[in-house]
Amino acid sequence: MWYWVFKYVLIGPFLRLVARPSVVGLSNFPPTGPVIVAANHLAVVDSLLMVLVLPRRVTFVAKAEYFTGAGIRGCVQRWFFSATGQLSIDRRGGAASVSALDEAVAIVGAGGVWGIHPEGSRSRDGLLHRGRTGVMRVALATGAPVVPLALKGTDRVNPPGARLWRPGKVHVVVGQPLVLSTFSADSPTDVREATDHLMAALSRLSGQQYVDSYTQRAA
């Protein structure tokens, strides 16, 4: 329930007023069935805008720090991410990350929508960075379609380090589902190549220059 309350009552109307999002290609988004939405990542507000413009409920993985903070702010963050059904992921890797991917498999296996930023963290330089392979490990294991989604202008609405959002114009481009039939989930090389295929699509849709290096972890 809280997901829809935030989208349509508490946050969505204000975000729509501030960011004035325009959407191209929404017909590429499957109206039913399992789907993975993979987007570039320029600002904290990216995930909120994905929720705002996509007609179906989207579940993300969020860094574990959002669920473990102390004080009033920590309590509010923990409640918000838990109430909206988001998943905690330990970005240090290991068993916790595997568990989060297992939960992502369960989401799409149940016919749901899993949202992810393959770069793993916000781009600090505006470039599109090397994607992490978790998205394709889930996609190839489940057969769920992967829809690339490009966000443009979110870093102006929500600049790095800024405490308040700023009025601006955000453009969202929803690409066609990727063709992944030539890739195998059993081949680490295929998983890497499928991830690179996704990042190339995101680069075309977003207009961002691609660099073959991982982005630095943002706080």
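Helices (H or I, at least four residues) and strands (E, at least two) are DSSP runs, numbered from the N terminus. With that in hand, let's walk through the structure. It is a predicted model, where local features need pLDDT of at least 70 and side-chain atom pairs count only at pLDDT 80 or more, while totals for chains, interfaces and linings use all residues. Residues are numbered from 1 along each chain as its sequence is written, and side-chain values use heavy atoms, leaving out hydrogens and water.

Start with the overall picture. The protein has 9 helices and 9 strands. Of its 219 residues, 50% are buried (buried means under 20% relative accessible area, exposed over 50%, and partly exposed in between, with a 1.4 Å probe and protein chains only). Take the contacts (heavy atoms within 4.5 Å) between residues at least 6 apart in sequence: 76% of them join residues at least 24 apart.

Now for the rings. A pair of aromatic rings is described by the distance of the centres and the angle of the planes. Rings of Phe, Tyr and Trp (its six-membered ring) pair if their centres lie within 6.5 Å; planes under 30 degrees apart count as stacked, over 60 as edge-to-face and the rest as tilted. Searching the whole structure turns up 4 aromatic pairs. One of them is Trp4 with Tyr8, stacked at 6.2 Å centre to centre with 15° between the planes. These two are 4 residues apart in helix 1 (residues 2–10), so about one helical turn separates them. Trp4 is partly exposed at 33% relative accessible area, whereas Tyr8 is exposed at 52%.

Another stacked pair is Phe14 and Trp165, 5.8 Å centre to centre with 20° between the planes. Phe14 lies in helix 2 (residues 12–19) and Trp165 in the loop between helix 8 (154–157) and strand 8 (171–174), so this pair ties together parts 151 residues apart in sequence. Phe14 is partly exposed, at 47%, and so is Trp165, at 28%.

Finally, find Glu119 in the loop between strand 5 (113–116) and strand 6 (128–129). Glu119 is buried yet has no salt bridge (a side-chain nitrogen of Lys or Arg within 4 Å of a carboxyl oxygen of Asp or Glu). Its nearest side chain of opposite charge, Arg132, is 9.1 Å away (Lys and Arg count as positive, Asp and Glu as negative; His and the chain ends are not counted). Not counting residues up to four places away in sequence, Glu119 touches several residues, including His41, Met199 and Arg132.
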